[in-house]
Amino acid sequence: MLLRKMFAETSNAVIPRFLSEISNHLADVTHTVFKLLISHMQKQKEANEDLLLKWKEGRLSECEDTRIKDILFDRLSPLLVLRVLPLRAFNDLNSKDLYGEFSTITARDGDTVVTADDEKCITGLLINRMCHLFEFEDVRKLAAELTGRLHPQVMLPLIGSHLEHAIHNRDILKLKSCLFAVCNSLMIRGKESALHSVMIKVRHLITTVLLWPSMDSDEVAKAQHGCIDCLALMICAELQISDSSSQLSKVNMVQKKSKLIEEVMDQSEHPSLQDTVISSVVRNMTSQQQTFPFVMSKELVFHSNIPEDYKKTFVPISFRLCMANVLISVCQKISLRQKSLLSNVPPSSFVDFVLSTLINFVQGSDESQMRAACLQVIFAAVYHLKSSILPYSNDLLNLSIGALRSKEQAEERIAGAKLLASLMGSEEAIVSSIAPNLMEARIVLTNISIMDTSPELRNLCEKLLQCMLTPIDTNEMLKV
């Protein structure tokens, strides 16, 4: 009765709030709830292309505006019911109302795409709404969020197939919806999703998108931001798994002769972890030449429009910068610690794995742009992960001074100055650790503040000098 009242009064905000209060009771009668939702969703009206276009452009008459809002609220209302249900409501793989025939899907069913004929269960209805070309953006986004709550055994093979089709056809709307669903699955399900074999395919597909040429403001760039977030969440889940086993995904890391050596152990137990996401991201960021270990098929590479020479040997700088952004995103996500997935992610696991490699790369590389990118990652680690970087504090101070002395791009010197500012504004233990070596930094800063050609860098160095003489909030200074 209550659900029928909600469907009849779609703009009533009180009913969804009340449903959230009784969500556990609803989860005990999902058979009834799902049947009502399926029945209503199958009868729903759709907005046509012309009406949606006029709505986006603000060209609707008053009558049309009322009509389209009624359709929007009607399409949102059953999704809002699903949203209030606890996660356990989505765990029953034997529920025909929830999963239909999809409960038998496996990772080998690689070409499974949901069609209109599959709208006999919640899964089919959700995926069609998140992938439909002419759908309200609010409906599409909520459907993708809810798809991420489905059991990974069903959801990931389906989304992997849709993701592959979206990339093949350059369907950016579907691509972004699929990425959002995967991200939500990683945030909610954690290692249950991260360890699924389809995640290897998803990584390959994501890398294909990151190889596409893009402009900063175009739709491809927005999709690539989603890919970066997705890889970052994979790493967070991977770190959480590694903490529970006291190893980084069964990889024992040994520092020998300034090179990181990986000793892979017990690979048969988790074949998908033989090449961890974090090691692949770091490797792709710091290597000029390789054959893109993520990419699975020549067809996917072909559709990325990357020149043949790039595919074989050269890693584009834009792709490597994406890898740097993945690591920066990991730092931010570990720092937030707001989601259940991230609450147990140990910062030290990330710091120990990444910092040694990046420090060695900056010291030995002749690529100024990539050195600057590495310094930005290290800055993010210092800024977000605080005391976790204490064992590396003096190495990082020397790195920042070396970057400030660089005669190449100003971008590298600016990155060095920001790293120095972050170290100086860190916790007391870090500041105490670097304090005896700050005199050299002061000399370098004085020279730059007088002679450097970059006004931004001169201004930043002047503020750092003031900080050394009169303590100020260096975190606020970095926002300028």
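Helix packing around α22

Colleague: Which way does α22 pass α25, in a left-handed or a right-handed crossing?

Modeller: α22 passes α25 in a left-handed crossing, a term used when the near helix is turned anticlockwise from the far one by less than a right angle, with clockwise giving right-handed. This is a predicted model, in which local features need pLDDT of at least 70, side-chain atom pairs count only at pLDDT 80 or more, and totals for chains, interfaces and linings use all residues. Residues are numbered from 1 along each chain as its sequence is written, and side-chain values use heavy atoms, leaving out hydrogens and water.

Colleague: What angle do α22 and α25 pack at?

Modeller: About 20°, with the axes of α22 and helix α25 (residues 455–469) 10 Å apart; axes are lines fitted to C-alpha atoms, for helices over the stretch in contact, and angles run from 0 to 180 degrees between N-to-C directions. Helices here are DSSP runs (H or I, at least four residues), numbered from the N terminus.

Colleague: And which residues make that contact?

Modeller: With contact meaning heavy atoms within 4.5 Å, those involved include Ile414, Ala417 and Leu420 of α22 and Leu457, Leu460 and Leu464 of α25.

Colleague: Switching to α20, how do the axes of α20 and α22 cross?

Modeller: The axes of helix α20 (residues 368–385) and helix α22 (residues 410–424) cross at roughly 15° and come within 9 Å. That angle makes α20 roughly parallel to α22, since angles under 35 degrees count as roughly parallel, over 145 as roughly antiparallel, 65 to 115 as roughly perpendicular and the rest as oblique. The crossing in which α20 passes α22 is left-handed.

Methods: Helices (H or I, at least four residues) and strands (E, at least two) are DSSP runs, numbered from the N terminus.
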